[in-house]
Amino acid sequence: MATTTTKSPALLVGQSLRRREDPRLITGTATYVDDVKMPGMHHACILRSPHAAARIRAIRTSRALEMPGVVAVFTGEDVAHLGPVPCGAALPGLRVPAHTVLARDRVYYVGHPVAVVVATDRYLAADALDAIEVDWEPLPAVADPEKALEPGSPAVHPEWPDNIAFTYKQEGGDVDKAFAEADVVVRQRLVNQRLIPVAMETRGVVAEWKPGDRQLTLYTSTQIPHLVRTLVAGMLKMPENRLRVVAPEVGGGFGSKLNVYAEEALMAFVAMKIGKPVKWIESRRENFVATIHGRGHVDYYEVAAKRDGTILGIKLKLIQDIGAYHQLLTPAIPTLSILMMPGLYKCKNVRADLIGVFTNCTPTDAYRGAGRPEATYGIERMVDILAAELQMDPAEIRFKNFVGSGEFPYQTATGLSYDSGDYAAPLRKALETVNYETLREEQRKARESGRLIGIGISTYGEICALGPSASLPCGGWESATVKIEPGGQVTVLTGISPHGQGEETTFAQIVADELGVSVDDVVVLHGDTSLVQYGIGTFGSRNTAIGGTALYFALQDLKEKLKKFGAMLLESDDVVWNRGRCVCMKSGKEVTLPEIAAASYRAMKLPENTDPGLVATRFWEPPNFTFPFGAHIVVTEVDPETGAVQILRYVAVDDCGKIINPLLVRGQIHGGVVQALGQVFYEHAVYDENGQLVTGELTDYAIPKASYVPAIESYHTETPSPVNPLGVKGVGEAGTIGCTPAAVNSVVDALSHLGVRHIDMPLTPEKIWKVIQDRRTA
Amino acid sequence: MIIEGTRSVALEPQRLYTLLQDPDTLARCIPGCESLVKEGDQEYRLKMKLVIASVNGLFDGRVRIADPSPHESFRLIVEGSGRAGFVKGDGVIRLASDNGAGTNVHYKGEVHVGGTIAAVGQRLLDMTAKMVIKRFFDKVSEEAVAKASGT
């Protein structure tokens, strides 16, 4: 027993610890799905439809079966007994097409899986795809959601000739009155173009069936291993405890792996059928058509206001491009946009009409921000358009309409309860940082000399820490198990399965502070359903706010137990837990955590009503979402001769509540902003009129390169959330949410004196050059 | 995509027309042609290797000649598919005397592609189509010159 008191180390929460995950990632020693190798493992390749719509008259596989190394070929008929690819979102009147694992008599989009070849080698499997003969009868297709709504348009699913997947309305306040009383109404059509998530690691599955144990193991690159287990077991009609799902290292997801895909059930089926492990790794070209796309909105906004800039009402007609099928959360994504319609503003009168439209395209679903970047883009573009109409300063009109810092919790017209905030603070800080008044003066002078400088402001609020279970189709809680091992080291099992968020670092920081151990003594395990208790998964910036809170409560339970053992060992009732030690208040004697751990497992003596061991599990249900917010300012210069845009400054002030690790927060902001700059300037998933994806690889679909990225000046205000004891809100999506409107507002501001009011993304030099030319000749 | 162009060939329309209906000649002239087998009166089975951008593959398809107007024009309907996707084309080829010993060939048609070639080759499709047509007529011209000098 130690009797000397050493100085406690500094608290780690709030410090920029380097990511503990990085050494294995940057030295190539991490294990991704493609690194999983098993004896006797076979390889699968999937035949996909080259047609956007076609009937399958016949499939002949006999030639493929004769190819060297080929052991099996399966088509839609072979897997007809498997359950459909699940759609977890429920809306009244939702039309859900039968989404079979492989197409049967008809295909609905380019990339639709039709057959699977299994061979001893991946190349042999790929070669054999050529030998499958499909007798296609091409059918008319439609790729544009607005065209799909026109009468006489080809029906994506023949049973629903109007192509409407669902309609949804939400209304708050008295919109008609607001518009009737308005001095000014501004209207604008805004396109939030279809994007391809492009995670660095494509999807992949390894399936292994052990007939003796009747155990199926599925390695899959996913954000939600537990939900995959539940839903794939359902597709296979297999008891859930016979299926183990492992998400090993996941090389990015951005929502595209927040899903259950046909290939997961398909590979399980193949492994059981051939009695050998099987691996399928998605190629990059395959990834472009076989993994969900994001965004895909056409928004018609109307904003009513008083002449002094007070926003009175907002109307939105939202057309969501669904694609050919609903994936896991497809129909729910645009409903998140509607919830966020009023942004940070005190507007109590809103009306949204949402139409989900089937098209002969890859399904859309959650992509970084999932409905919230679209909503922020909408309101923040409209506020700028309104400011221009009223000849008001875009900062001033925002200050005028913000929910006040004394008004929290604030009930929105869309039924949310904003938890906490001081919305003016980040905007003030961003304005000070760029020296706004001086900058406006510089802009005026630059204009006189023919230079096109733009200043774009966006503020944003977001819904994070998704969320209370009542608001989600899958449960919104999270879980943590903390084990103090006999040697005093700590093992955390989290139900959250990260794919780049850095939980192994932040969770270790929380553990280190609560238990007084070194982060080096903390191991955070995740992603294996037979190792870790059930959890929901990584999406909606929920990991720290919900998973971290479950961890926090499990740690509190453990501290209580540690104190009981400490009191027993110190033979005193008057003990406190002081960061790694149990201290007797009377004698000053203490026992360390390793001493208590050893005693608790040795169990020679136990405190009253106390079991041996030091293990605690908590499931935590959040009472509300959290609502981070912030302000981004982008200064741009447009080259009038080429239309090219240069970002002169990018200032981001984000309030994500209490910050556990500033380095990781900055990383999330940088990554989010860069991804959003991709949408603003480069990215667009383009389908031609026949439903062919013409941006089918990275030579045609531009994502930002490192050299395109400006210096991002990242600052924070810190308003703790009252929703969880850590006070954290979430930051995974903030960058993508704040950036697009700020950047587009900036470019439009640069051209505003030419009469430019709006340009749809992506703001390619060609598009901007044409706008400038049109204005010059007008 | 619309493909349209003209080309002059040093052989008078009657003989060029006959040449363009001859499977053996076509097999020699179509770039990348691996086989061309007559399957019906005006229908051929074509196997052809095609390279567009970073995609290459064997296309297996059918070529059908319709609306023949001997020595003047015919319609060509092509449908092919392979690992790299599919190609569908429908066009009219017109032959007119250049008032000498040669022919002005005018071709106009619409081409649709799908699958990988649409996804990765769209930007280069126009260029590739022009090149394939040019190389085809280059070879036809060579054959025509040989034919002309051989008589």
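## A buried threonine in chain A

Thr459(A) is buried, with a relative accessible area of 0%; buried means under 20%, exposed over 50%, and partly exposed in between, using a 1.4 Å probe and protein chains only. This threonine sits in strand β18 (residues 452–461) of chain A. Helices (H or I, at least four residues) and strands (E, at least two) are DSSP runs, numbered from the N terminus.

The side chain of Thr459(A) makes a polar contact of 3.0 Å with the side chain of Tyr345(A). A polar contact is a pair of N or O atoms within 3.5 Å; within protein, one must be able to donate a hydrogen and the other to accept it, and residues adjacent in sequence count only if both atoms are side-chain atoms. Setting aside residues up to four places away in sequence, Thr459(A) touches several others, including Leu344(A), Phe402(A) and Gly630(A); contact means heavy atoms within 4.5 Å.

## About the model

This is a predicted model, in which local features need pLDDT of at least 70 and side-chain atom pairs count only at pLDDT 80 or more, while totals for chains, interfaces and linings use all residues. Residues are numbered from 1 along each chain as its sequence is written, chains are lettered from A and ligands numbered from 1 in the order in which they are written, and side-chain values use heavy atoms, leaving out hydrogens and water.

## Getting to know chain B

Chain B has three helices and seven strands, and its elements run β-α-α-β-β-β-β-β-β-α from the N terminus on. Its radius of gyration is 15 Å, close to the 15 Å that the globule rule gives for 151 residues, so chain B is as compact as a globular protein of that length. The radius is taken over C-alpha atoms, and the rule is 2.2 Å times the number of residues to the power 0.38. Of the 151 residues of chain B, 44% count as buried.

Here, too, you can look up a buried threonine: Thr103(B), at 0% relative accessibility, in strand β7. A polar atom of its side chain lies 2.4 Å from the backbone oxygen of Leu11(B).

## Cavities

The whole structure holds five cavities of 30 Å³ or more. On a 1 Å grid over the protein atoms alone, a cavity is a set of points where a 1.4 Å probe fits but cannot get out, and lining residues have an atom within 4 Å of a point. Grid points are joined across faces, edges and corners, and a volume is the space filled by probe spheres set on the points.

The largest cavity has a volume of about 970 Å³. Of the 41 residues that line this cavity, the closest to its centre are Leu76(B), Val78(B), Val111(B), Val132(B) and Ile133(B). The largest share of the lining, seven residues, comes from α3(B). By class, the lining has 30 nonpolar, six polar and five charged residues; Ala, Val, Leu, Ile, Met, Phe, Trp, Tyr, Cys and Pro count as nonpolar, Asp, Glu, Lys and Arg as charged, and the others, Gly among them, as polar.

## Backbone details to look up

Most residues other than glycine have a negative phi, and most peptide bonds are trans. In chain A, a cis peptide bond joins Phe408(A) and Pro409(A), with omega about -5°. The bond from Met761(A) to Pro762(A) is also cis, with omega near -5°.

Phe254(A) has a positive phi, near 55°, and is partly exposed, at 25% relative accessible area. For Ala465(A), phi is near 50°, and this alanine counts as buried at 3% relative accessibility.

Notes
1 Å grid on protein atoms, 1.4 Å probe; cavity = no way out; pocket = protein on both sides within 12 Å on 5 of 7 lines; lining within 4 Å.
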